[in-house]
Amino acid sequence: MAEEKLAAAADQFGSARLNLQGQVDDLALRQADVIAQRAVVRSSIFDFEGAADLFEEAANLVPSSQPVLKRGYLARANGQLAEMPNPQVMDRSLQLIEDMLALVPRDTYPAEWAITRISLGDHRLAQTRDQWSADIDHLSHYRDVVAMMDEAEPLLLSDKDRATLISVRAAALAYIADLTRDDADRRRALESARSAYAQRLVVSSRNRPLFAIRLAEQIVAAAPEVDKPAARREAILILREEIADSDAVNNGILSALETLARLIGQEARASADPALYREEIALRDAALARFPPVFHEGRAYMLFRAGVTRGLMAELSEPPDPVLMAASADQMAQAARLHISAPGDLTDSRKRLAVLGCLGAIPQWTALYGLDADADLLSNIDACADLTEGVIDTPLLEPKFRRQYWLYRAEALELGGAAPEAALDAFRRAEAVEVDPANRMADHDDRIREGLARLGRRP
């Protein structure tokens, strides 16, 4: 009798506890929803890291009984990190993806598992692409991503997720083709990019530019040399259509604008058409005005390329236009400062090379054209010389770029007032780098020859 009463009391407490637990879970879900709304607001003002923090906080509130919802909030946090082109967020992104995979095992939640594997594959692509170590087997890593996508595809339920998967696979195939230089690999990459592009309308408008970029790049990459001009024009039309009337501000649109400007720039250099140079400059200047400082990497690259194009356009006149040259040097210096001041570690090879590229081109528009180099600019030139240490021999740096950076170092040392022997040695090293004739840059040949002559050793 006494035990029965105790059992009944225990049942009552158990029912009350479950009822309270249900209420607590309901309150937690409501709180998570409000916090997620705050994250959306943060994202709208380009505070991507703050938005990621809030989405992760929302995920932590979701009861363990709802792993799919928890995974969804973590996925949104990871999406915010993707808007931050900063190597430092890569580790955090990977941790979020691993947490998502732990929530949705394949046997229990096959579709959610497959969607998360797409994110993992995309992360591995970026991580592998950014690795400069010769110890990394890039080709094997890219092929692993293709295999991951092949495994996940049959488990997907929505056309949107399938389109995203095809796009990631297309990117992996493109990287493979870049490494193998095999025509069959290029054709497969192009076919995959066309397949992804055909399905782009089922994904969010925010993600569509990436589909257009990948197709445009593969159209040009897969074309034989004789067909490159026509391929570029086709790619330009695709990108124009993608960004037409779009007022969105995100990394996808910025990347599409950059790719379009680059292709127009290639057409300008091939034709020496001033109108195309002006179009490229206008496109880059418009992008710089449109995108806030938080997009530091994209803005820095836009500044650098706009500076290069202004310099090339200045050279179309004889003598070169000093106003355009001065504007060119100023934009390159701005780009270098932006890279240096932006979040991230300057020991990262990609960033060091980016800064070097910005700084190293400045001598071309200063000493070589008689422009005045003020103290601030000279300090940038000295920084260029310093940054070349340990970077020029970075594994995987193509010979044409190694030659280019030795030239940058030589000109920086000469302009910065270093010992002539050091600058002469750098010019000699640039001259010694063997580059396929098809990839040689004539102006680099001229600058190396002129530098050697200036410093007393005529070739």
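Colleague: Which residues are linked in a network of salt bridges here?

Modeller: Glu258, Arg269, Glu280 and Arg284 form that network. The general idea is that side chains of opposite charge can pair when their charged atoms come close. The rule asks for a side-chain nitrogen of Lys or Arg within 4 Å of a carboxyl oxygen of Asp or Glu. This is a predicted model, in which local features need pLDDT of at least 70 and side-chain atom pairs count only at pLDDT 80 or more, while totals for chains, interfaces and linings use all residues. Residues are numbered from 1 along each chain as its sequence is written, and side-chain values use heavy atoms, with hydrogens and water left out.

Colleague: How many salt bridges does the rule count?

Modeller: The count is 26. In one of them, arginine 232 meets glutamate 267 at 2.8 Å, N to O. Arginine 232 sits in helix α10 and glutamate 267 in helix α11 (residues 251-271), so the bridge ties together parts 35 residues apart in sequence. Helices here are DSSP runs (H or I, at least four residues), numbered from the N terminus.

Colleague: Is arginine 232 buried or exposed?

Modeller: Buried means under 20% relative accessible area, exposed over 50%, and partly exposed in between (1.4 Å probe, protein chains only). Arginine 232 is buried at 11%, and glutamate 267 is buried at 13%. Leaving out residues up to four places away in sequence, arginine 232 touches Val220, Leu263, Gln266, Glu267 and Ala270 (contact means heavy atoms within 4.5 Å).

Colleague: Which residue forms a salt bridge with arginine 403?

Modeller: Aspartate 445 does, with the closest N and O atoms 2.3 Å apart. Arginine 403 belongs to α18 (residues 399-415) and aspartate 445 to α20 (residues 442-454), so this pair joins parts 42 residues apart in sequence. Arginine 403 is buried, at 5%. Arginine 42 also has a bridge, to aspartate 47 at 3.5 Å; arginine 42 is partly exposed at 29%, and aspartate 47 is partly exposed at 28%.

Colleague: How many aromatic pairs does a search of the whole structure find?

Modeller: There are 6. Rings of Phe, Tyr and Trp (its six-membered ring) pair if their centres lie within 6.5 Å; planes under 30 degrees apart are stacked, over 60 edge-to-face, and the rest tilted. Phenylalanine 48 and phenylalanine 295 are edge-to-face, at 5.8 Å centre to centre and 75° between the planes. Phenylalanine 48 is in α2 (residues 48-61) and phenylalanine 295 in the loop between α12 (274-290) and α13 (296-314), so the pair ties together parts 247 residues apart in sequence.

Colleague: Why is the pair of tyrosine 142 and tyrosine 175 called stacked?

Modeller: Their ring centres are 4.9 Å apart and their planes at 25°, so the pair counts as stacked. The pair links tyrosine 142 in α6 (residues 138-152) with tyrosine 175 in α7 (residues 159-180), 33 residues apart. Tyrosine 142 is buried at 4%, whereas tyrosine 175 is partly exposed at 23%. Elsewhere, ring pairs link Phe46, Phe48, Phe291 and Phe295 into a cluster.

Colleague: Which residues of α4 are buried?

Modeller: They are Met90, Ser93, Leu96, Ile97, Met100 and Leu101. Seen down the axis of α4, they fall within an arc of 140°, so they line one face of the helix; the arc is that of the directions from the helix axis to the C-beta atoms. The face turned away carries the exposed residues Asp91 and Ala102. The cover over the buried residues of α4 includes α2, α3 (67-81) and α5 (110-129).

Conventions. Helices (H or I, at least four residues) and strands (E, at least two) are DSSP runs, numbered from the N terminus.
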